[in-house]
Amino acid sequence: MLKQQGYRPEDVPLRGSQVFLLQNSNVSNGGDSVDVTDEMDQSYFAIAEQVAEILNLNITGIDIIVPNLYQPYDPEHPEMTVVLEANYNPAMLMHLFPMMGQARRVSMTVLQLLFPELAIETD
């Protein structure tokens, strides 16, 4: 990764520069969880819901690459938004303790879906 960015192990990057050490940014591999739920355009929620419906999944994590989360999905350019995967057993802890953004108790919402008779508070 260093070589691809023009660095050697003994180099000291300039202040303010960004150097990547891994090709992926999964939370499980040391990536940071940032909640942008309230900032992103609603059209991406619709895409995630469509994917879940097509796969017949009630609970899933949909990984989507979005070029600009503030701009709506453009059906004229579907190649710009890519669904990477659907996780049937999605990680929920990252939503409770994001590095930045609002914490969300996703697990409580899932419990409410699975056991509506318990009247679980999701706030």
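Author: A salt bridge is a side-chain nitrogen of Lys or Arg within 4 Å of a carboxyl oxygen of Asp or Glu. This is a predicted model: local features need pLDDT of at least 70, side-chain atom pairs count only at pLDDT 80 or more, and totals for chains, interfaces and linings use all residues. Residues are numbered from 1 along each chain as its sequence is written, and side-chain values use heavy atoms, with hydrogens and water left out.

Reader: How many salt bridges does a search of the whole structure find?

Author: Start with the general idea. Side chains of opposite charge can pair when their charged atoms come close. Here the search of the whole structure finds 4 salt bridges.

Reader: Which residues are linked in a network of salt bridges?

Author: Arg8, Glu10 and Asp11 are. Asp11 pairs with Arg8, with 3.1 Å between the closest N and O atoms. Glu10 also forms a salt bridge with Arg8, its closest N and O atoms being 3.1 Å apart.

Reader: How do I read accessibility for Glu10, buried or exposed?

Author: Glu10, at 55%, is exposed. Arg8 is partly exposed at 48%. Asp11 is partly exposed too, at 27%.

Reader: Which residue forms a salt bridge with Asp35?

Author: Arg104 does, and the closest N and O atoms are 2.7 Å apart. This pair links distant parts of the chain, 69 residues apart. Arg104 sits in the loop between α2 (93-96) and α3 (106-114). Asp35 lies in the segment before α1 (43-54). Helices here are DSSP runs (H or I, at least four residues), as are strands (E, at least two), numbered from the N terminus. Asp35 is buried, with a relative accessible area of 11%.

Reader: Which residues form a nonpolar patch on the surface?

Author: Patch members have over 30% relative accessible area and no salt bridge; like charges are joined within 9 Å, nonpolar side chains (Val, Leu, Ile, Met, Phe, Trp, Tyr) within 5 Å. Here they are Leu111, Leu114, Phe115 and Leu118. Together they have about 360 Å² of accessible area, by the Shrake-Rupley method with a 1.4 Å probe; for residues, only the protein chains shown count as cover. Leu118 is in the segment after α3. Leu118 is exposed, at 53% relative accessibility.

Reader: Which residues is Leu22 in contact with, leaving aside neighbours within four places in sequence?

Author: Contact means heavy atoms within 4.5 Å. Leu22 is in contact with Met1 and Asn29. Leu22 lies in the segment before α1 and is partly exposed, at 46%.

Conventions: Buried < 20%, exposed > 50% of the residue type's maximum accessible area, 1.4 Å probe, protein only.
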